[in-house]
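Please keep the sequence and the structure in view while reading.

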Amino acid sequence: MSAAVITAAGSKKELDDGQLLDAYAWDTVPDAGSRPCFRFNFITSVDGAVSFNGRSGELGNDADRRVFALLRSTADLILVGAGTVRAEGYAGELLSVQAQSERRRRGLTAHPGIAVVSASLHLDPEFFRQAPVRPLVLTAAAAPESRRRALERVADVVVAGARTVDPGQAAAVLARRGHRRVLCEGGPQLFGSFQAAGLVDELCLTLAPVFTAGAAGRITAGAPETRLEPLRLKHVLCSGDTLLLRYCTA
Ligand SMILES: NC(=O)c1ccc[n+]([C@@H]2O[C@H](COP(=O)([O-])OP(=O)(O)OC[C@H]3O[C@@H](n4cnc5c(N)ncnc54)[C@H](OP(=O)(O)O)[C@@H]3O)[C@@H](O)[C@H]2O)c1
């Protein structure tokens, strides 16, 4: 992991990786077979942009990348929308060699699983060729049959909804497969669908100390405005002018 200095808000004491892991320890680890815990992780500019030049990475810095990698290292499964895979490029290793051995030391598999949510199944074959573990694709019954069959050669493809992926059905699929701690790396449409379904347990949000102006969207998209959902602030960490916030919904 990179060596960005991260402290608790108001403190000058640098947090080591063990202390950071404690700060991001999962609140509850559901029993096997129960609905997984869904933790979302996003970065946003101070003026609310989810991306710059079409990618989130442009907003990030070493502190965000340190927490991003650490969150991955604690998850059973990384869940991501197809738009994010297309925009960010997810092919290849998900974790450093060091993080993989750390996971083994903690009794976890070297790699978390990876699941992509897509109704169209327009997915880059490179992602599947380079994936460190066989990916799971969560799709809808209406997905094109030929693409589904082609993907089944390189991934487990599971239907979890009629025209789009229903987060409740997706949660049931993930529970059956033994995933309890699910890290959702976006993007906005996936987050919106989970918000609408009331299935967001946690949001880790990096506030990047920049304005972007422009027309980039927010971290959420596609869900109707329904009610104000109160959040509980678990912590505020700092790295220079960057804030690393952790919120829970319940
Ligand atoms: N700032 C951050 O932390 C962050 C994090 C992630 C992404 N991003 C940015 O967000 C942008 C992409 O936004 P996005 O909204 O397109 O991302 P997204 O949610 O990852 O992708 C949307 C696509 O994912 C699939 N999808 C998501 N939810 C679905 C559901 N419930 N059912 C069926 N399919 C579903 C669909 O794929 P198909 O079209 O294949 O059907 C949909 O078109 C990029 O610019 C990326 O860089 C930023």
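How much space lies in the second largest pocket? The second largest pocket holds about 880 Å³. This is a predicted model, in which local features need pLDDT of at least 70 and side-chain atom pairs count only at pLDDT 80 or more, while totals for chains, interfaces and linings use all residues. Residues are numbered from 1 along each chain as its sequence is written, and side-chain values use heavy atoms, with hydrogens and water left out.

Pockets are found on a 1 Å grid over the protein atoms alone: a cavity is a set of points where a 1.4 Å probe fits but cannot get out, whereas a pocket is an open set with protein on both sides within 12 Å along at least five of seven lines, and lining residues have an atom within 4 Å of a point. Grid points are joined across faces, edges and corners, and a volume is the space filled by probe spheres set on the points.

The second largest pocket is lined by 26 residues, of which Q195, R218, T220, R227 and E229 lie nearest its centre. The elements that give two or more residues to this lining are α8 and β8; helices (H or I, at least four residues) and strands (E, at least two) are DSSP runs, numbered from the N terminus. By class, the lining of the second largest pocket has 13 nonpolar, eight polar and five charged residues. Here Ala, Val, Leu, Ile, Met, Phe, Trp, Tyr, Cys and Pro count as nonpolar, Asp, Glu, Lys and Arg as charged, and the others, Gly among them, as polar.

The largest pocket has a volume of about 1200 Å³. Its lining comprises 46 residues, and G81, T84, E185, G186 and G187 lie nearest the centre. Two or more residues of this lining come from each of β2, α2, α3 (82–88) and α8 (188–196), and α3 gives the most, with six residues. G186 and G187 are also joined by a cis peptide bond, with omega about 0 degrees; G187 has its place in the loop between β7 and α8.

The strands come next. An open sheet of 10 strands with mixed pairing has the order β1-β9-β10-β8-β2-β7-β3-β4-β5-β6. β1 (7–8) and β6 (156–159) stand at the edges, each with a single partner strand, so one side of each is left without a neighbour in the sheet. Two strands pair if DSSP finds at least two bridges between them. β1 and β9 pair in the antiparallel sense over two bridges, with A8 opposite L237 in β9. Seven bridges join β9 and β10, again antiparallel, and these strands form a hairpin with two residues between them. Strand β3 (residues 77–81) runs parallel to strand β7 (residues 181–184), joined by three bridges; L77 has V182 as its bridge partner in β7.

Two residues deserve attention for their backbone angles. Most residues other than glycine have a negative phi, and most peptide bonds are trans. L121, in the loop between β4 (113–117) and α5 (125–130), has a positive phi near 65 degrees. Is L121 buried or exposed? At 3% relative accessibility, L121 counts as buried, where buried means under 20% relative accessible area, exposed over 50% and partly exposed in between (1.4 Å probe, protein chains only). A213, in the loop between β8 and β9, has a positive phi of about 50 degrees, and A213 is exposed, with a relative accessible area of 57%.
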